[in-house]
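Open the structure in your viewer and keep the selection tool at hand.

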Amino acid sequence: MDLDQDICLCFHVSLRKVKNFIRLEKPVRASQISQCYGAGTGCGWCRPFLEKLLHASQTPIVAAPPTEPAQPDPASEPVRPGPPTLDAAHGEADELLDTAQPLESLSAQAYAHLRKTYVDSGRGTPP
Ligand code: FES
């Protein structure tokens with residue numbers, strides 16, 4: 001998905017508009033992104049992605065301090081949990097699409113097809 005493609009298909013709000021809104025308005029909560037042309041206030045499909053964009057903008061990029069190369073001991077490696085998932089309210093989108101995957105790696109057609117599947121299954125109603 002490139003910047004000029006719609007992330008909110010209900011209200012035709014592009015990824016660029018949402019990213020610029022987040023950069024300029026600095027919303028604290030994902031629900032505030034609805035002030036960007038109503039993004040996220042229709043069927044609900046795009047909400048996990050809007051939330052992900054907001055969280056990505058709030059995560060500071062900090063360079064890791066230099067460290068000595070560690071000698072890994074595979075037997076003592078702790079089991080690491082997978083990437084954090086969005087809360088249960090967004091589980092429906094997670095079922096259809098791995099929301100941890102970058103939006104840029106998803107074609108607009110694939111995104112729209114998955115949203116259609118979401119709507120057709122009765123999980124959300126477009127305006
Ligand atoms: S795609 Fe954004 S609310 Fe439906």
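In what follows, buried means under 20% relative accessible area, exposed means over 50%, and partly exposed lies in between. The model is predicted.

**Stop one: the salt bridges.** Select Lys-116 and Asp-120. Their side chains form a salt bridge, with N to O at 2.6 Å. Lys-116 has a relative accessibility of 48%, so it counts as partly exposed. Asp-120, at 53%, is exposed. Both residues belong to helix H4 (residues 108–120), and because they are 4 residues apart there, about one helical turn separates them. An α-helix has 3.6 residues a turn, so residues three or four places apart point the same way.

The count of salt bridges in the model is 2. For the other pair, select Asp-4 and Arg-16, whose closest N and O atoms are 2.8 Å apart. This pair joins distant parts of the chain: Asp-4 lies in the segment before E1 and Arg-16 in helix H1, 12 residues apart. Asp-4 is exposed at 53% relative accessibility, while Arg-16 is partly exposed at 35%.

**Stop two: helix H4.** Next, colour the buried residues of the helix: Ala-108, Tyr-111, Leu-114, Arg-115, Tyr-118 and Val-119. These residues cover an arc of only 140 degrees around the axis, so they sit on the same side of H4. Which exposed residues does the face of H4 turned away from the buried side carry? Select Gln-109, His-113 and Asp-120 to see them.

Just after H4, select Gly-122, where phi is positive at about 85 degrees.

**Stop three: positive phi outside glycine.** Select His-12, in the loop between strand E1 (6–8) and strand E2 (13–14). Its phi is near 50 degrees, a positive value in a residue other than glycine. Is His-12 buried or exposed? With a relative accessible area of 52%, His-12 is exposed, because the cut-off is over 50%.

Finally, go to the loop between helix H1 (15–25) and helix H2 (47–58) and select Tyr-37. Tyr-37 is not a glycine, yet has a positive phi of about 60 degrees. Its relative accessibility is 58%, so Tyr-37 counts as exposed.

How values were computed:
Residues numbered from 1 in each chain as written. Predicted model: local features only at pLDDT ≥ 70, side-chain atom pairs only at ≥ 80, totals over all residues. Heavy atoms only, no water. Helix = DSSP H or I, 4+ residues; strand = E, 2+ residues; numbered from the N terminus. Buried < 20%, exposed > 50% of the residue type's maximum accessible area, 1.4 Å probe, protein only. Salt bridge = Lys/Arg side-chain N within 4 Å of Asp/Glu carboxyl O. Arc of directions from axis to C-beta.
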